[in-house]
Amino acid sequence: MNESTAEPLQRGNGPGATARRRFLLGGATALAAVPLLGSSRAVAEPRSFAEPRGFAEPRSIADPSQPPVPDADTPGPDEALQWLVDGNRRWVSGRLLHPHQTVARRLAVAAGQHPLATVFSCIDSRVPPEIVFDRGVGDLFVVRTAAQTNDGLIQGAVEYGAEEAVTPLVVVMGHQRCGAVTLAVDVLNNGTEVPAHLVDVVEALRPAYEAAAPLPGDQVENTVRAQTRLTVDQVRGDSLLAPLIAGHRTRVVGAYYSLDTGCVEFVLP
Ligand SMILES: [Zn+2]
């Protein structure tokens, strides 16, 4: 860690400073327990800009025996989900295809897009949807907030993905050792203060905190899962999305991402 990276974590010793550091670090225990996910990237590094032009999608970079990745023009909800499951398996195994990450793909989708899913997930730097599902440009609508907290503006973005971009799948994804949830649990357990709009994040997580409070086990993990469940309920109950779901044009699923294994578990199918 160089000085410029370490410096922001040393700022501030006022109220909420400890909680803020946990938010930034992704939970107090994360530093010791989380292996560097960058290790799996070493299997297949991005190619250079000298990549051949043309619209043929390169198939396998790391493992020529891998099947081709289908294009995302008109998948149904179940097909879209299967593609994400398959992409996540590649991420877990390290046998990545890096589909749709070429100049040719950029040109192909410049005039229009048909993303296969809307992913609503956390801002955490360790959980980038395109990477953990091994997808590329034009494949995913991505909405990210702290602990996938929601409000009208954000719900509008999810609606836009499903209604206007016609994504057949919405994935609400929480993750292991979520820093925002760790912050909220700390604040709500201990009555500590947080500054500025972090209060809004904590308050948005209060329903999940209260739902998880009676449960045995790890309070942060229980709150992460409660937040995912409540957000799935919110999205499924959306007045614009509910008819799409009833008509099987869109499917909304809940997921949990493990920082340790890279695996996405679809907990609310
Ligand atoms: Zn998080």
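The model is predicted, and local features were considered only at pLDDT of at least 70, side-chain atom pairs only at pLDDT 80 or more, whereas totals for chains, interfaces and linings use all residues. Residues are numbered from 1 along each chain as its sequence is written, and side-chain values use heavy atoms, with hydrogens and water left out.

The protein contains twelve helices and five strands; helices (H or I, at least four residues) and strands (E, at least two) are DSSP runs numbered from the N terminus. Of its 269 residues, 48% count as buried. Here buried denotes a relative accessible area under 20%, exposed one over 50%, and partly exposed a value in between, computed with a 1.4 Å probe on protein chains only. Among contacts with a separation of 6 or more, 71% involve residues 24 or more positions apart, a contact being heavy atoms within 4.5 Å.

Helix α9 (residues 179-190) has twelve residues and reaches 16 Å from its first C-alpha to its last, close to the 16 Å expected at 1.5 Å a residue. The expected span is 1.5 Å times one less than the number of residues in the helix. Helix α9 is mostly covered, since ten of its twelve residues are buried. These buried residues are Gly179, Ala180, Val181, Thr182, Leu183, Ala184, Val185, Asp186, Val187 and Leu188. Just after α9, Gly191 adopts a positive phi of about 70 degrees.

Helix α10 (residues 198-212) comprises 15 residues and should span 21 Å at 1.5 Å a residue; the 20 Å between its end C-alpha atoms agrees with this. At Arg206 the helix bends by about 40 degrees, and a proline, Pro207, follows within four residues. The bend at a residue is the angle between axes fitted to the seven residues ending there and the seven starting there. The buried residues of α10 are Leu198, Val201, Val202, Leu205, Ala208, Tyr209 and Ala212.

Two packed helices are described by the angle between their axes and the distance between the axes. The axes of α9 and α10 come within 9 Å and cross at roughly 85 degrees. Axes are lines fitted to C-alpha atoms, for helices over the stretch in contact, with angles running from 0 to 180 degrees between N-to-C directions. The two helices, α9 and α10, are therefore roughly perpendicular to each other, a description applied to angles of 65 to 115 degrees, while those under 35 count as roughly parallel, those over 145 as roughly antiparallel and the rest as oblique. On the α9 side, the contact is made by Ala180, Val181, Leu183, Ala184, Val185, Val187, Leu188 and Asn189, and on the α10 side by Leu198, Val201, Val202, Leu205, Arg206 and Tyr209. These residues divide into twelve nonpolar, one polar and one charged. In this classification Ala, Val, Leu, Ile, Met, Phe, Trp, Tyr, Cys and Pro are nonpolar, Asp, Glu, Lys and Arg are charged, and the others, Gly among them, are polar. Within α9, Leu183 is buried, with a relative accessible area of 0%. The C-alpha atoms of Leu183 and Leu205, 22 residues apart along the chain, are separated by 9.9 Å.

The loop between β3 and α9 holds Arg177 and Cys178. Arg177 has a positive phi near 50 degrees although it is a residue other than glycine, and at 12% relative accessibility it counts as buried. Cys178 is buried, with a relative accessible area of 1%. Not counting residues up to four places away in sequence, Cys178 touches Cys122, Ala147, Val220 and Val224. Cys178 and Cys122 are 56 residues apart in sequence and 8.1 Å apart in space, C-alpha to C-alpha.

A positive phi, about 55 degrees, is also found at Val166, which is not a glycine. Val166 lies in the loop between α8 (152-164) and β3 (169-175) and is partly exposed, with a relative accessible area of 44%.

Leu97 is placed in the loop between α5 (77-93) and α6 (103-109) and counts as buried at 1% relative accessibility. The C-alpha atoms of Leu97 and Arg135, 38 residues apart in sequence, are 8.3 Å apart in space. Arg105, in helix α6, counts as buried at 9% relative accessibility.
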